[in-house]
Amino acid sequence: MAIASGAIVLLILLFLIWETLPILQIIGLARFFNDPAWHPTSEEFNLVPMLWGTLFVTVGSILIATPIGILSAVFCHYYAPKAIANLYRRAIELLAGIPSVVYGFWGLVVLVPIIGRIHPPGPSLLTGILILTLMILPTITLVADASLASVPSEYLRGCASCGLGRWATVRGVVFPAAKSGLITGVILATGRAIGETMAVLMVCGNVVQTPKDIFEPVRTLTANIALEMAYAVGNHRAALFVTGLVLMVMIIALVIAAELLNKGHIYEQ
Amino acid sequence: MKYKTPYPELLSTAIIWAIAASVTGALLWLLSDVFWHGMSQVNWEFLTQSPSNAGREGGIAPIIVSTALIVGVCLVVSIPLGVGTAVLIAEFAANKSILGRLVRLSLDVLAGVPSIVFGLFGNAFFCKTLGMGFSILSGGLTLACMVLPILIRSTQEGFRAVPDDYRRSAAALGVSRIATLWELLLPAAMPGVAVGLLLGLGRAIAETAALIFTSGYVDRMPESLWDSGRSLSVHIYDLAMNVSGGEANAYASALVLVSFLVLINSAISWLAQRFRQSKILVV
């Protein structure tokens, strides 16, 4: 049974490669990066704008969510009274449990009009970044929470006896001690941001272009699959599987990075 | 001389409280928005009628049934597979063995695979290769692959929390490993299994991207597992993106979905709390 469970990953990879093999043999991988544009029905398969889309949305949300997420965990451990900390933890868990389609829907009917008033059109890179920030925040906070909890209490008592304040303790002692756990949380959140589909699909506008500022609409790799899979046939369908393969390669690279960093079990701290 | 709190301390305290307040604020904003707009729509008729006019009017009865069937298929398949794998990793495979490490690494990857890639895989494997077409069965099986790592991880935690004394005492009494597992370890690890089950359930109910191309869009009442069925999350997506004027019913469906998840979420934290307090439940 364990082998069956483990084999599912191989099966997924196998099927992605199986579906993409014909197109890769005929037109080659290079054309996915230097074709003039993405017009899959007329045999033009440039994925680069979508790659940029995924990259910008991911980097943007990570940049915002990392400080907020880690400081949220710090809040739970060192600043909040116990009752408030527990309530706040529940709130974060709730945030993690809300389905991505609800985030997307809320973004679409609430955030998009607000952003649209500041700078039209509304569905944009910025909206995507904001929604994703909210979605990956719990991942960072919960992992950071666990790794802060494992900081030895002698360290904290030592700091207290030296007369260090809360922030000095957190910055000077706790962060270095919990570093690998904090980074692992960020890596996991990066994976989640890259793979997120529905919310991003609903608020980003989905125009295939490399965005010039944060108010322009973008399309991510995941949205590309979700939008076109319904009617894609032949080479077009295969091109979408190539998109999936690119995503999969990114995720495997991230997991291996986290694995190396933590020498073993990412989720089991 | 009076002690003065240093400036960075004051500033950081203010910033951290402000961050916590704004995150809570964002959550409350989202929840109250869904609750406020959804509440006026949700009533008994909404829950028991079929959708009409592409979902703008009518209710969500067939959609709830489809969702339940998809999630049911998912759990029926993933529970035995997940618990079995967890038992093997936790109890039978040595920590350093190559098989154990490989399985663990592949589960880590599986946990990170984007849901849309699960959708692609499900479409290629279950719908096309195994010939199940767009059906509740394909959707449920795709979801089963997805919740498997969650289930396994949590069950494993459950087994790890069982003290080694149990295993040694059983061995000293000459109880076979299978009997030890069945009579002693499995009941003792039950809270872990239950938490995993609820986490998996939550993930399965919330999922959209993996279902669009596997269980499909059809919003009629499903007659068998081979019929296509639309899940609640797909319904919300469709109403929000493809149906103009579907917003009111999308809000109502979102409220139903979020209520389910809040319920599951509360059950998880209640169970986890009990789990932590007693470390092990005596059954």
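Biologist: What percentage of the 283 residues of chain B count as buried?

Modeller: This is a predicted model, in which local features need pLDDT of at least 70, side-chain atom pairs count only at pLDDT 80 or more, and totals for chains, interfaces and linings use all residues. Residues are numbered from 1 along each chain as its sequence is written, chains are lettered from A and ligands numbered from 1 in the order in which they are written, and side-chain values use heavy atoms, without hydrogens and water. Buried means under 20% relative accessible area, exposed means over 50%, and partly exposed lies in between (1.4 Å probe, protein chains only). Of the 283 residues of chain B, the buried share is 53%.

Biologist: How many helices and strands does chain B have?

Modeller: Helices (H or I, at least four residues) and strands (E, at least two) are DSSP runs, numbered from the N terminus. In chain B, the order from the N terminus is α-α-β-β-α-α-α-α-α-α-α-α-α-α. The count for chain B is therefore 12 helices and two strands.

Biologist: How many of the 10 residues of helix H11 of chain B are buried?

Modeller: Helix H11 of chain B covers residues 232-241 and is largely enclosed by the rest of the structure. Its buried residues include B:Leu232, B:His235 and B:Tyr237.

Biologist: Are helices H6 and H9 of chain B roughly parallel or roughly antiparallel?

Modeller: Two packed helices are described by the angle between their axes and the distance between the axes. Here the axes of H6 (residues 136-160) and H9 (residues 190-206) of chain B come within 8 Å and cross at roughly 155°. Axes are lines fitted to C-alpha atoms, for helices over the stretch in contact, with angles from 0 to 180 degrees between N-to-C directions. Because angles under 35 degrees count as roughly parallel, over 145 as roughly antiparallel, 65 to 115 as roughly perpendicular and the rest as oblique, H6(B) and H9(B) are roughly antiparallel.

Biologist: Which residue forms a salt bridge with B:Asp108?

Modeller: A salt bridge is a side-chain nitrogen of Lys or Arg within 4 Å of a carboxyl oxygen of Asp or Glu. For B:Asp108, the closest N and O atoms of the pair are 2.8 Å apart. The pair links distant parts of the chain, from helix H4 (residues 98-112) to helix H6 of chain B, 45 residues apart. B:Asp108 is buried at 4% relative accessibility, and its partner, buried with a relative accessible area of 15%, is B:Arg153.
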